[in-house]
Amino acid sequence: MTKRLYYDSSEIHEFDSVVEAVTPPSPEQSRPAVILRETAFYPTSGGQVHDTGWLTFDGGGRGAERLRVAEVADAEDGRIVHYLEATAKLPPAGAAVHGSIDPERRREHMQQHTGQHVLSAAFIELYQMPTVSFHMADDYCSIDLATPAVSPAQIVGAEKRANEIVFENRPVRVRYVSRAEAEKLGLRKLPPAERDELRLIEVADFDLSACGGTHVGASGQIGSIILRKSERVRQGTRVEFVCGDRAVRLARRDYTALSEAAALFSAKLWDVPEQIRKGFEESKLLRKQRDDALDELAELMALAALHSQPETNGRKIVVRAFSDRDIGFAKLFAQKVTRAGTPAIALVASAVDPPGLIFAQTSSQIPAQTSGGAPGSAADMGALLKQVLSSVGGRGGGSRDFAQGGVPAGSNIKVERLLQQAAGTIGS
Ligand SMILES: [Zn+2]
C-alpha cells in the first residue's frame, strides 16, 4: 500500500519518495504510470477530484527530468497510481523522485470538500436532510439530499448557517479512532464496515464524519459558501454549491454577464429582469400590431385586385407575384382574395427566398353566382400546382381548394412564368 502523506497533513505540497513500479504505455493504457513508496498526490475518491503536479528525477547526464502528473487514481490493492503525460524518459524502479503538487488546485479542492462537510451538517441541523452523495465537477459541486424537495427558504437558511460556521473560523481536525469508538461518537455518516480504524474529520462542535479527503485547517479557509441551483433527482434533491476561489470566480462571471445585460438596457443590475419582462411584453405587442397591419394590408390589396379584375366564366382570376413579401403574406393575400364573397381564384407567388407558390380558390361550398356551369369548381388547385411544379422540379401539393409549394432553392426559375403557365391552363 502507498503511504498517503495527505492523511497526516493536507499542507504537504512537496515530498521526496522512491519509485516502486513503472508501467510503460500499452494499448489498454495510453499513458505511463508510476507507483511511489509514499505520495502527497490525492487520488480521485469520495467525490473529491485528484491532484495534478510534477515528478522530478535525476536523468543522468541529461540533468533533471520533469514528468507531468495528469491524473491520480486509487488502485484496488491500496496503491496510488500516478498517470503521466506521454514522456520520453521514465524513472527506473528504485529511483529517487521529488513530487510537487499544484497548490492552487489542491487548495481549491480542499475548500470545496470542507465546505461540503459544513453544508451537509447545516442541512442536517436545520432540516434533518441527510446527504447521500457528493460530486465535484470542474466549475461547481453538488450534494444529493435524501428529501423530495428543498424550498427556496431552506436553501437560503442552509447557506446562512453554513457561512456562520465559516465566519466563526472553527478548527477542522483530523483524528483516528476504532470502529467501535466511532459508533459511540454519533458520526453524521458512518462509512461501510471495511476498516477497523477510521479517519475522522471534525469541524469543532459542529460536524464529525469519517472521510479520507483533504480539508482546510480552519473553517474560515473555506471562504464563502454559495448555494445555487437545486433540482429533483432520482435519489432526492440535488443542490449545487461553490466555495472559496470557485465562488469568487463564478460570482465574477455572473457579475460580468449581468453588467453586459444591464448596459444593453442602460439599467441597474437588479432592474435587468424587469427590463427583460418589459421587452417581452413590448415585442409581443409589436408582433400583434404588425400582424394586424399585414392583415389589413392584404385585405385592401385583395379588394383592389378583385375590383380591377374582370369576371370570366362567373369568377375572377387574380394573378400576383410579390417580389418583396414572403410566402406568409402571399398566403394571407390569397385567403383574402378567395374569401371576399365573389368566386375567385388566386394564383400567387413570393419571389423572396425561398420562393413559393400559393394556388387557392373560393371554396365550392360558397354559393357561386351562376353564369353557366358551376363556377369555382372548374379547377383543382392541388393538381394544378403539381402540374406546374413538375416541369421545374419543385415540390408541393394540397387540396382541391388550396395548395402550396416551392421551387428548388437557389434556382433561377421565375415564379411569374409559373403563374402565367397556371393561368393559361385554367383559362384554356
Ligand atoms: Zn471530507
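Predicted model: local features only at pLDDT ≥ 70, side-chain atom pairs only at ≥ 80, totals over all residues.
Mentor: Two strands are taken to pair if DSSP finds at least two bridges between them.

Trainee: Why is the arrangement around the zinc ion called tetrahedral?

Mentor: The protein donors are His-113, His-117 and His-215, each through NE2, together with Cys-211 through SG, and they lie 2.0 to 2.2 Å from the zinc ion. With a donor cut-off of 2.8 Å for this metal, those distances qualify. The angles subtended by the four donor atoms run from 98 to 122°, and the tetrahedral label asks that all angles lie between 85 and 135 degrees; the arrangement is therefore tetrahedral. For comparison, the ideal angle for four tetrahedral donors is 109.5 degrees.

Trainee: How do the donors of the zinc ion follow one another along the chain, and what makes His-117 and His-215 a pair that ties parts together?

Mentor: Along the chain, the spacing of the donors is H-x3-H-x93-C-x3-H. His-117 belongs to helix 2 (residues 103–127), whereas His-215 is in the loop between strand 13 (207–210) and strand 14 (225–233), so the pair links parts that are 98 residues apart in sequence. Both histidines, His-117 and His-215, are buried.

Trainee: How do you know that Gln-112 is buried?

Mentor: Gln-112 has a relative accessibility of 0%, and buried means under 20%, so Gln-112 counts as buried. This residue lies in helix 2, and, not counting residues up to four places away in sequence, Gln-112 touches Met-136, Cys-141, Phe-241, Val-242, Cys-243 and Arg-246.

Trainee: Which residues touch the most other members of the largest nonpolar core, and which element gives the most to this core?

Mentor: That core has 31 residues, and the ones touching the most other members are Val-118, Leu-119, Phe-123, Ile-143, Ile-225, Leu-227 and Phe-241. At least two residues each come from helix 2, strand 9 (131–136), strand 10 (141–145), helix 3 (152–167), strand 12 (197–203), strand 14 and strand 15 (236–243), with helix 2 giving the most, six residues. Apart from this core there is another, of 22 residues, including Ile-317, Ala-379, Leu-389 and Val-415.

Trainee: What makes strand 16 (316–322) and strand 19 (395–398) edge strands?

Mentor: They belong to an open sheet of five strands in the order 16-17-18-20-19, with mixed pairing, and each of the two pairs on one side only. The twist in this sheet averages 10° from one strand to the next. Strand 19 pairs with strand 20 (residues 402–406) in the antiparallel sense over four bridges, and Gly-398 has Ala-403 of strand 20 opposite. Helix 7 (residues 327–338) lies across strands 16, 17, 18 and 20, at about 170° to strand 17.

Trainee: Why is strand 18 described as mostly covered?

Mentor: Six of the six residues of strand 18 are buried: Gly-356, Ile-358 and Ala-360 point one way, and Leu-357, Phe-359 and Gln-361 point the other way. Gln-361, for example, has 3% relative accessibility, and since buried means under 20%, this residue qualifies.

Trainee: How do you know that strand 18 pairs with strand 17 and with strand 20?

Mentor: Six bridges join strand 17 to strand 18 and five join strand 18 to strand 20, antiparallel with strand 17 and with strand 20; at least two bridges are required, so both count as pairs. Phe-359 has Leu-347 opposite in strand 17 and Ala-403 as bridge partner in strand 20, while a hairpin of five residues joins strand 17 to strand 18.

How values were computed: Residues numbered from 1 in each chain as written. Heavy atoms only, no water. Donors = N, O, S within 2.8 Å, 3.2 Å for Na, K, Ca; no water. Tetrahedral: all angles 85-135°; square planar, octahedral: opposite > 155°, others 65-115°. Buried < 20%, exposed > 50% of the residue type's maximum accessible area, 1.4 Å probe, protein only. Core = buried A, V, L, I, M, F, W, Y, C linked by side-chain atoms within 4.5 Å. Axes fitted to C-alpha atoms, helices over the stretch in contact; angles between N-to-C directions. Contact = heavy atoms within 4.5 Å.
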